[in-house]
Structures are given as C-alpha cells and as structure tokens.
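Dear colleague,

Please find the structure below.

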Amino acid sequence: MRVLISGAGIAGLALAHRLGTLGHDVVILEQAPAPRTAGYMIDFFGPGYDAAERMGVLPRLRELGYRVTEAAYLDDRGRRVAGLDFDRVARAVDGRLLSIMRPDVERAFREDLPPAVELRFAARVVGVEQDDDGVTARLADGTSATGDLLVGADGVHSAVRRLVFGDGHLRHLGFHTAAFVFDDPHVHELVRDRFCLTDTVGRQVGFYGLRDGRVAAFTVHRTSSPELPEDPRAAVLKTYGSLGWVVPRALARCPEEIYYDQVAQVELPRWSSGRVVLVGDACGAVSLLAGQGASLGIGGAWVLAATLDDPATRDFTAYERTWRPVVEDRQRVARSGARWFLPASSRRLRARRIAMRLSHLPGVDRLVTTGLVGKPVSLA
Ligand SMILES: Cc1cc2nc3c(=O)[nH]c(=O)nc-3n(C[C@H](O)[C@H](O)[C@H](O)COP(=O)(O)OP(=O)(O)OC[C@H]3O[C@@H](n4cnc5c(N)ncnc54)[C@H](O)[C@@H]3O)c2cc1C
C-alpha cells in the first residue's frame, strides 16, 4: 500500500515510522523547507509513551529528554509560593514520564524512519482529489503526489481537513499561547531543572533551562477572541510586559520569530472520508490544557497504522471507534480544568495555591495526580 501523509509533525512521523516498519510505502509531504526547530517543552507520558516504546524510539527520546524536578509557581519577586513535585506525577504513571522539547520528539522519530519512508520538505498540500483508483495530493509548487490513501497529519489548522471536510471545526478555549527560546545565563541559573511559572491571574509565563544553556519560555493568556495578532511578538511584549520577576529580561531577549497560536480543540463529526483520514491534532487536538496532545498523536498513529495494516479494517471505522473516545475524554477533562490551569481571578488563584499545598496529603495527592495524567489507555 502506498500512503501519503501531509505533515511531518509528531503524529505524521510516528505514523510513517510504524507504516514503514510494517512494510508499506510512505511519502511524507511537509510544507516547511527543513525540520522545524522552534518549540516548547512538553510532558510526555501515556499512550504515546507506550507506543514509542513499542516502536523502539523510547531510548532516543529518553536521551533527548529532561528530568524536571518540580513545577514551581513564583511571585513577582521570584519567591516560590506553590509547587508540584514531578516525582509524584511520575509515580502516578509508574515512572513512565519524561519532559522533552517538541522538536526533539520529531527528531527522534525522523532519525529512525525506515527506508520505505520518503520525507519531502517544501511540499505544501493545497488540493486533494480522490476516485476509485487512488488519491492525489496537489502541492503548492504545481507538482502532485498519488497514493492509495492520504492521511492529514497537518496539525490543528489542518489543510487536508479544510479541503475534505470544509471550514470550521475549531473550538476556541479562550486563550492564546506563545513560545520562544532565548539566551540568558542569569535566568538559566535561576530556573535550572525546574519548570518555573508566574503565579498570576489571567496570564502566565513559564521557563525551563535547556542543556545548551538557553531557556525555553512559554506564555498563555486569556482572551475571548480566536483572532491572531498581526505581530505576535509585539502582542507578547504588550500582554506580559508588566509582569515581574525575570519576565521583562526574557521579553527583552524574545526573538523576531516566535510560535504563537490560539488555544483550541478540534471537533469533527467524522475523521475520514473515502481514501482520506486524519490523525493527531488535525482531527483531535486536545490543546495544551490537556498536556497530552503529542502523546495522543503518537498513540492515535499507532492505532491507525494497525487499522490500515489489516485489510479487514482499512475503512478506518475501527480506528475511529477505538481512538475517538480516548480523545474526547481528554478534551472534556482539559476544558473542565481550564479554570485551574490559568485562574481568572485572585480568589481562584488563592484556591489553586491551597489545593497545591494540600496535594502533599496522601488522598489529595492521588486525586491531583490522576486529574493531571488522566485515565490509563491501552493500545492493545
Ligand atoms: C505551548 C504548548 C504546550 C504543549 N504541551 C504539551 C505537553 O506537555 N504534552 C503533550 O503531549 N502535548 C503538548 N502540547 C500539544 C502538542 O505539542 C501537539 O498536540 C502535537 O505537537 C501535535 O502534533 P501533530 O503532529 O498532530 O501536529 P503538528 O505538530 O502541528 O504538525 C503538523 C505538521 O504539518 C505541517 N503542515 C501543516 N500544513 C501543511 C500542508 N498544507 N502541507 C504539508 N504540511 C503541512 C506543519 O508544518 C507541521 O510540521 C502542547 C502544545 C502547545 C502549543
């Protein structure tokens, strides 16, 4: 079988890796001219962790990953006001957790692609046609690629989804997020191996020290508008400029090009149509509030590959039947946890501090950690 995949993100690469290993011909079409290096730190556990282990990629992910000691919430003078011990979260998933930069997850899968996988950069999918004989992906440079199936693994703003299922399908969750990496030895020394977050209402900045001496920053703020600003960097400077601690230093070092997007989930009545199917954020974005999008992308890729490999289930229904409930559960949990993720009032901020302090008690500890990691998911 020849499978076209639009998007060399985490979900697309994981699917290509698995399908290639199972003996299928795979062509990945990626719009970026080269591997994307911009990114942010993610927590990696759950079904994607299990799938990566089965694919033999876990040792490399562990090598590239980080060991975060805690998520520390700091006031505007850098004093710790609350925190969450990462060892406790790790224990809730039997130690099967690592923190890793998003581009490094892609790198681990990309480096290990089997020979049956062809990865084409600067290949942006702009059109899709399908009939009884196959599917054609039209590319922005005027060329095209054909296959038996086309998988849209092209992220939350998926072009394949738009071309085949129409516009819409995004549920704005009321936040914008940004991420960038900057150089500052002083901030690096303060942050070290902690995930340091501002303990603030309605907007928050987080920092993590990378092993090359740089610092990864991530921001999130509340806004009712899904519209993105014309100049994301200027918007970040304006929104977070008045926060304390090292935030002004970090913003002064913010590069011209940054990651910026609305925080949204994807809701779609069907994940496939004819020879086209979606995977990862393209069909089931859970958002950063869930802290599991990458993991679900890899887990979904594993289940989709199994479906495609079996001639009896190639109509994708088994994939959607198995995976949709998992995704929808995490979407629900993320939406209901939004008020704790980024409090909208000082009252709720205080309540979160108290909850974190109480989380040291054994019963509450279990409640908090299972709330964070969710229900276990089997890939079998
Ligand atoms: C700030 C932040 C923090 C997060 N934290 C976590 C976390 O802690 N844990 C976790 O598991 N997840 C986390 N996530 C979510 C996670 O990063 C995503 O769910 C995951 O990366 C989605 O992978 P994907 O492959 O589906 O899509 P993407 O990573 O968006 O990849 C899509 C790819 O498709 C390409 N593409 C797009 N359009 C086209 C086209 N027309 N033609 C060809 N190629 C195209 C893009 O260039 C890209 O390479 C976080 C997300 C954010 C924003």
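**Helix packing and ligand contacts**

Helices α1 and α11 cross in a right-handed manner, where right-handed means that the near helix is turned clockwise from the far one by less than a right angle, and left-handed anticlockwise. The model is predicted: local features need pLDDT of at least 70 and side-chain atom pairs count only at pLDDT 80 or more, whereas totals for chains, interfaces and linings use all residues. Residues are numbered from 1 along each chain as its sequence is written, and side-chain values use heavy atoms, with hydrogens and water left out.

The axes of α1 (residues 10-21) and α11 come within 8 Å and cross at roughly 35°. Helices here are DSSP runs (H or I, at least four residues) numbered from the N terminus; axes are lines fitted to C-alpha atoms over the stretch in contact, with angles from 0 to 180 degrees between N-to-C directions. In the contact (heavy atoms within 4.5 Å), α1 contributes Ile 10, Ala 11, Ala 14, Leu 15, Arg 18 and Leu 19, which meet α11 residues including Ala 294, Ile 298, Trp 302 and Leu 308. The residues of this contact comprise twelve nonpolar, one polar and one charged; Ala, Val, Leu, Ile, Met, Phe, Trp, Tyr, Cys and Pro count as nonpolar, Asp, Glu, Lys and Arg as charged, and the others, Gly among them, as polar.

Helix α11 (residues 293-309) also packs with α12 (residues 317-341), their axes coming within 9 Å and crossing at roughly 165°. That makes α11 roughly antiparallel to α12 (over 145 degrees; 65 to 115 counts as roughly perpendicular). The crossing of α11 and α12 is right-handed. Among the α11 residues in this contact are Gly 299, Gly 300 and Val 303, and among those of α12 are Tyr 319, Trp 323 and Arg 330. Seven residues of the contact are nonpolar, four polar and one charged.

The axes of α12 and α13 (residues 346-358) come within 9 Å and cross at roughly 95°, so α12 is roughly perpendicular to α13. Arg 339, Trp 340 and Phe 341 of α12 make the contact with Arg 348, Ala 351 and Arg 352 of α13.

An oxygen atom of the ligand is 2.9 Å from a side-chain N or O atom of Asp 281.

Yours sincerely

Notes: Helices (H or I, at least four residues) and strands (E, at least two) are DSSP runs, numbered from the N terminus. Angles under 35 degrees count as roughly parallel, over 145 as roughly antiparallel, 65 to 115 as roughly perpendicular and the rest as oblique. A polar contact is a pair of N or O atoms within 3.5 Å; within protein, one must be able to donate a hydrogen and the other to accept it, and residues adjacent in sequence count only if both atoms are side-chain atoms.
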